[in-house]
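Dear colleague,

I am handing over the structure that we spoke about, and below it I have set out what was found. Please read the notes with the model open beside them.

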Amino acid sequence: MNNFIKINILFFGLYVFFSCSDNRYIQSYRMSKKDFGLEKVSQKENLESKNISGLSWILPNTWVASEGHSMRLASFDVPYSNGVGDLSIVSLSGESGGLVANVNRWRRQIDLDTIDEQEILSSAVNGNSRIGPFWLFRLVNDSNKNKAILATVLPSGDKTFFIKLTASQKGISELRFAFLEFCSSIGEAK
């Protein structure tokens, strides 16, 4: 017999001798999980620009694509310390009812009264994306801390894009900077 076979038989015999015991009960062991670099590949894919309906963006690495309503261009589950928010991107033609109607619709979704255009514009934060300027709105109802909205209205040519994140008040506070970065990264797909 060659030495390779002898060494393998010896190791097998030692393995059987040391791994067997008088204990009749099943034992289990925990070993650290090896990911073979797949986690880094997955994170890299999430960070790269996405291309949906002529739009591209840079997605934060913790946001996960989800199944949304048929009107949505894209939907994402957005985790935060106490739950998961729902982010939607919708594209409608023209002004889609206008700024006042859309902001007041979101306000009603969290049981807030409607307000006029001047109040809406004074509450807006101006931002810039790669396809143009947008308005950002933070909508909270202090009597319902479980539901709040961050929303962006991004007019672009003959379309208006609406990006809305629904979460708890704590959630939108934690996610506001990531949401703003995401909206700022939106551009035309190449």
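A salt bridge is here a side-chain nitrogen of Lys or Arg within 4 Å of a carboxyl oxygen of Asp or Glu. By this rule the count comes to 1 salt bridge. Arg-72 forms it with Asp-86, and the closest N and O atoms are 2.8 Å apart. The pair links distant parts of the chain, since Arg-72 belongs to strand β4 (residues 72-80) and Asp-86 to strand β5, 14 residues apart. Arg-72 is partly exposed at 23% relative accessibility, and Asp-86 is likewise partly exposed, with a relative accessible area of 30%; buried means under 20%, exposed over 50% and partly exposed in between, with a 1.4 Å probe and protein chains only.

Before going further, please note that this is a predicted model, in which local features need pLDDT of at least 70 and side-chain atom pairs count only at pLDDT 80 or more, while totals for chains, interfaces and linings use all residues. Residues are numbered from 1 along each chain as its sequence is written, and side-chain values use heavy atoms, with hydrogens and water left out.

Next, the sheet. Helices (H or I, at least four residues) and strands (E, at least two) are DSSP runs numbered from the N terminus, and two strands pair if DSSP finds at least two bridges between them. Strands β4 and β5 run antiparallel and are joined by 8 bridges, and the hairpin between them passes through 2 residues. Within this pair, Phe-76 has Leu-87 in β5 as its bridge partner. On pairing with β9, β5 again makes 8 bridges in the antiparallel sense, and there Ile-89 has Ile-163 as its bridge partner. Strand β7 (residues 132-141) pairs with strand β8 (residues 144-156) over 7 bridges, also antiparallel.

Which residues have the most contacts inside the largest nonpolar core? They are Trp-57, Phe-76, Leu-87, Ile-89, Ile-163 and Phe-182, in a core of 26 residues. Such a core is a set of buried Ala, Val, Leu, Ile, Met, Phe, Trp, Tyr and Cys residues joined through side-chain atoms within 4.5 Å. At least two residues of this core come from each of β2 (55-58), β4, β5, β7, β8, β9 and α5 (169-185), and α5 gives the most, with 5 residues.

There is also a pocket to look at. A pocket is an open set of points on a 1 Å grid over the protein atoms alone, where a 1.4 Å probe fits and protein lies on both sides within 12 Å along at least five of seven lines; its lining residues have an atom within 4 Å of a point. The largest pocket has a volume of about 230 Å³, a volume being the space filled by probe spheres set on the points, which are joined across faces, edges and corners. Its lining includes Arg-72, Trp-106 and Phe-162, and β5 (83-93), α3 (99-109) and β9 (159-167) each supply at least two residues of that lining.

Lastly, Ile-120 lies in helix α4 (residues 117-123) and is buried at 0% relative accessibility.

With best wishes
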